[in-house]
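Hi there,

Here is the structure I promised to pass on to you. Have a look at it first, and then read on for what turned up in it.

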Amino acid sequence: MRQELVVRGRGAGAVVALLAALLVQGALGVAPAAAHDRLVGTDPAADATVEAPPAQVVLTFSADQLPLGAAVSVTGPDGAQWSEGEAVVAGTTVTQALRPGLPGGAYAVAWRSPSSDGHVLEGTFAFQVAEQPTAAPSPQETTAPQETTAPQETTAAEATPVPSASAVTDASEADPEQPAWGLPPAAWIGGVALAAAGIVVPLVLRRRGNRE
C-alpha cells in the first residue's frame with residue numbers, strides 16, 4: 001500500500017510540473033505577439049526647455065511606422081499652428097517640420113501614427129522654448145539723429161555772428177558826413193572863408209589908400 005501511494009504521489013507531482021512548464025512556455029510565446037508598437041522618444045523631449053527654437057519635431061517608435069496617415073500638430077503659445085507641411089515617415093521615425101521664428105513660450109504637440117502591426121498610435125506632449133533676447137540698437141543707429149541735426153545748428157550760429165555792444169554804439173554815434181580826421185565840413189568852410197577875408201580886406205584897403 002505504501003509503495004502504491006508513493007508511486008501515485010510521484011506521478012501526480014510529475015503531472016503538475018509538466019502542466020506548469022506548459023503554462024510558462026505558453027505565456028512566453030504569447031507575450032511578444034501581444035505587444036504593440038509604442039513611442040520611445042521625442043525631440044524636443046517631453047516637458048523639456050530648449051534655448052533655441054527648434055526647426056522640427058521628431059518622434060521615435062519601437063518599430064517601423066506606416067508611411068500613410070501620420071500627422072503631427074504643433075500649437076504655439078499664441079494659439080497659432082506652427083507645423084509646416086506634411087509629416088515624413090522614415091522607418092521608426094516621424095519628422096514634422098516647423099515654421100521659422102518660433103516665439104518663446106509653451107508648445108503643445110498632438111501626434112498620430114499607424115504602426116506596422118496595424119494599430120494607430122496617438123498621444124500628446126509639450127515642450128518649452130526659452131524667451132529670445134531682444135537685439136540692442138547699434139551705435140550707428142543711436143548717433144545718426146545727432147549727426148544730422150547738431151552740425152546744422154553749429155553752422156548757422158557761426159554764419160551769423162552777433163555784433164558786440166561797443167560796435168553797435170560806435171556805429172550809431174558816428175556821423176556819415178564827418179571826415180576821417182574828425183572835423184565837420186562846416187568848420188572847414190568857415191576857416192577857408194576867414195582866411196580869404198584876411199587876404200582880400202588888406203588888398204582893398206591898400207587900393208583905397210593909394211587913390212587918396
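Strands β7 (residues 105–114) and β8 (residues 120–129) pair in the antiparallel sense, with ten bridges between them. Please keep in mind that this is a predicted model. To find the pairing on your screen, pick out W111 and look across to β8: G123 stands opposite. Five residues lie between the two strands of this hairpin, and G118 takes a positive phi there, near 95°.

Now follow β7 to another partner. β4 also pairs with β7, in the antiparallel sense and over five bridges.

Strand β3 (residues 56–61) and strand β6 (residues 93–97) run antiparallel and are joined by five bridges, with L59 standing opposite V94. Strand β5 (residues 88–90) pairs with β6 as well, again in the antiparallel sense, over three bridges. In that pair, V88 stands opposite T95. The hairpin of β5 and β6 has two residues between its strands, and G91 has a positive phi near 70°.

Last, a residue that I think you will enjoy: D37. You will find D37 in the loop between α1 (2–34) and β1 (39–43). Is D37 buried or exposed? D37 is buried, and yet it has no salt bridge. The nearest side chain of opposite charge belongs to R38, 8.5 Å away, while a salt bridge needs the charged atoms to be within 4 Å.

What does the side chain of D37 meet through a polar contact? The partner is the side chain of S116, at 3.2 Å. Leaving aside neighbours within four places in sequence, D37 is also in contact with several other residues, including S62, A63, D64 and Q65. S115, D117 and L121 are among its contacts too.

Happy exploring, and write back with any questions!

Best wishes

Note on methods:
Residues numbered from 1 in each chain as written. Predicted model: local features only at pLDDT ≥ 70, side-chain atom pairs only at ≥ 80, totals over all residues. Heavy atoms only, no water. Pairing = 2+ DSSP bridges. Helix = DSSP H or I, 4+ residues; strand = E, 2+ residues; numbered from the N terminus. Buried < 20%, exposed > 50% of the residue type's maximum accessible area, 1.4 Å probe, protein only. Lys, Arg positive; Asp, Glu negative; His and termini not counted. Polar contact = N/O pair within 3.5 Å; in protein donor to acceptor, adjacent residues only side chain to side chain. Contact = heavy atoms within 4.5 Å.
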